[in-house]
Amino acid sequence: MRRIFVYIISSLLLCLVVSTTYAQKKKQIAIPTDSTRWMNGFTVHLDVASLVMSSMLNNETYSTEGGIQLDLKHKFFPTFEIGVAGANKVSTDNIGYKTNGMFERIGVDFNLRKKKKDSKPTNNLFTAGLRIGMSNFKYNLTNVVIPYNYWGGSEIKNYSETPTKIWYEIVVGVQVEVLKNFYMGWSIRDKNLISSEFSGESAPWFIPGFGINNGTNWGFNYTIGYHFWPQKKVLKNNKTLLIQQKNN
Amino acid sequence: MKKYIFILFIVSLFFNASCVTDETCIQSKYVKLTAGFYQTTLNDSTKIISTTQTGFDSITVQGMKLDTLTGAYHLVDSILYNNNKLKLGSINLPLNNFAFQSKFKLTLNTKVDTLTIYHQHFNDYLSLECGCIVTHSIDTVTVTKHFIDSVQIRIHDVNALNVENIRLYYNYLTFHKPISN
């Protein structure tokens, strides 16, 4: 119950941040991207939600991740994400699970926002996309008791395995330019393991980048990013043209 | 548009909160061999042997454990079925997790038989919540034929699924034949 309260409060705080960013956005003069150009720079972002949630919800798991996203024609956004995650949990039967590992995701987002006529130019995005995620990680299971039964006796087993797991994610999200070149956004992810079978003697409880191993999982990211413009001169010219058009 | 995005954001957060995993084990960890008792009857006119699953008025089942020092088998203190009335005609027997054979003393009324099951065992990890179970695979089954005539292995794998693994056949007349001195 306490966890749910913490979650609701943190959610409301995040909502407040989002609404503030929308309010701030109104005051901005957006520098429009050129939808005719293939390369419109790239955004480097860090996920804040994974950092906050792992510390607020439970201390059993942690995750840190960031990524880079290219802007192609302001329609396609090839994305590469990398992170590190882990878990340290003891079950009610005193079985210990420990893991630390890196994960990578590669995929593409598509901008679903259609540009309306006479609308103000904006860099804000409403995206949907796909990711393929992969993690090669080592985990340890300790104190697994082979149960006592009618015949008496018991045995304690420990497992240590290094599997590689691959999954895909369906991602829907929003990105808003809150300050010049600074972006904030969130995304929800439906994660599905491509193969839920494990070749070893045991199965991991937590997969870095995927989360708790239930076959399917949900994820939430809240990102802060900075957009780099390798073609600054072109943009400056665009801005000058816009101002001239406005004056005319 | 912004409103919808904002609503979606809220819904997604609460949906995520509702997906907190339950830490209780919901899988069955009950691994026991099921043995069914079948009565064989010969139809004199058609000469066809028919089988019927039957219960007993009284059955006592107790495990027999090998004493590694003496090499002899002795009865396990705990009794699995103690003079029980068997309505459904089947019993559940736990196999030894740390040996390759499990021996049971079966007492039906006054008749006693020893059932020996030779098996392999496998550690089957379920999950962090459920831990580990031990499943078995039956190799062979032998029985002292005092009242049971024959044994048939139906399903070799003994796991958490409640299925009939072996059948024990007995002849009604043999079973009810009075003990002669």
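This is a predicted model: local features need pLDDT of at least 70, side-chain atom pairs count only at pLDDT 80 or more; totals for chains, interfaces and linings use all residues.
Which strand of chain A gives the largest share of the lining of the second largest cavity?

**View 1. The largest cavity sits among strands of chain A.** Start with the big picture on cavities: the count comes to five of 30 Å³ or more. The largest of them has a volume of about 210 Å³. Its lining is made up of 22 residues, and the closest to the centre are A:H45, A:Q69, A:Q175, A:S187 and A:T223. Five strands of chain A give two or more residues each to this lining: strand 1 (39-47), strand 5 (125-146), strand 7 (164-179), strand 8 (182-193) and strand 11 (216-228). Strand 8 of chain A has the largest share, with six residues. Sorted by class, the lining has 11 polar residues, seven nonpolar ones and four charged ones.

**View 2. The second largest cavity has a volume of about 70 Å³.** Here 13 residues do the lining, and those closest to the centre are A:T43, A:D71, A:F77, A:L125 and A:H227. Back to the opening question: it's strand 2 (residues 61-72) of chain A that gives the largest share of this lining, with three residues. Seven of the lining residues are polar, five are nonpolar and one is charged.

**View 3. The largest nonpolar core has 30 residues.** If you want to find your way around it, look for B:L33, B:F37, B:I91, B:L106, B:L115 and B:I117, which touch the most other members.

**View 4. B:L33 and B:N165 are in contact.** Setting aside neighbours within four places in sequence, B:L33 is in contact with B:I91, B:N92, B:L93, B:L95, B:I117, B:I138, B:V158, B:N165 and B:I166. With a relative accessible area of 1%, B:N165 is buried, because buried means under 20%. Leaving out neighbours within four places in sequence again, the contacts of B:N165 include B:K32, B:T34, B:Q152, B:R154 and B:D157. B:I138 and B:V158 are in contact with B:N165 too, and both of them also turn up among the contacts of B:L33.

**View 5. One disulfide is counted over all chains.** The partners are B:C25 and B:C130, with their sulfur atoms 2.0 Å apart. The torsion about the S-S bond is about 105°, so this disulfide is right-handed. The bond links distant parts of the chain, 105 residues apart: B:C25 is in the loop between helix 1 (2-18) and strand 1 of chain B, while B:C130 is in the loop between strand 7 and strand 8 of chain B. B:C25 is partly exposed, at 28% relative accessible area, whereas B:C130 is buried, at 3%.

**View 6. B:C132 is in no disulfide.** For B:C132, the nearest cysteine sulfur is that of B:C130, 11 Å away. Is B:C132 buried or exposed? At 2% relative accessibility, B:C132 counts as buried.

How values were computed: Residues are numbered from 1 along each chain as its sequence is written. Chains are lettered from A and ligands numbered from 1 in the order in which they are written. Side-chain values use heavy atoms; hydrogens and water are left out. A nonpolar core is a set of buried Ala, Val, Leu, Ile, Met, Phe, Trp, Tyr and Cys residues joined through side-chain atoms within 4.5 Å. Buried means under 20% relative accessible area, exposed over 50%, partly exposed in between (1.4 Å probe, protein chains only). Contact means heavy atoms within 4.5 Å. On a 1 Å grid over the protein atoms alone, a cavity is a set of points where a 1.4 Å probe fits but cannot get out, and a pocket is an open set with protein on both sides within 12 Å along at least five of seven lines; lining residues have an atom within 4 Å of a point. Grid points are joined across faces, edges and corners, and a volume is the space filled by probe spheres set on the points. Helices (H or I, at least four residues) and strands (E, at least two) are DSSP runs, numbered from the N terminus. Ala, Val, Leu, Ile, Met, Phe, Trp, Tyr, Cys and Pro count as nonpolar, Asp, Glu, Lys and Arg as charged, and the others, Gly among them, as polar. A disulfide is a pair of cysteine sulfur atoms within 2.5 Å.
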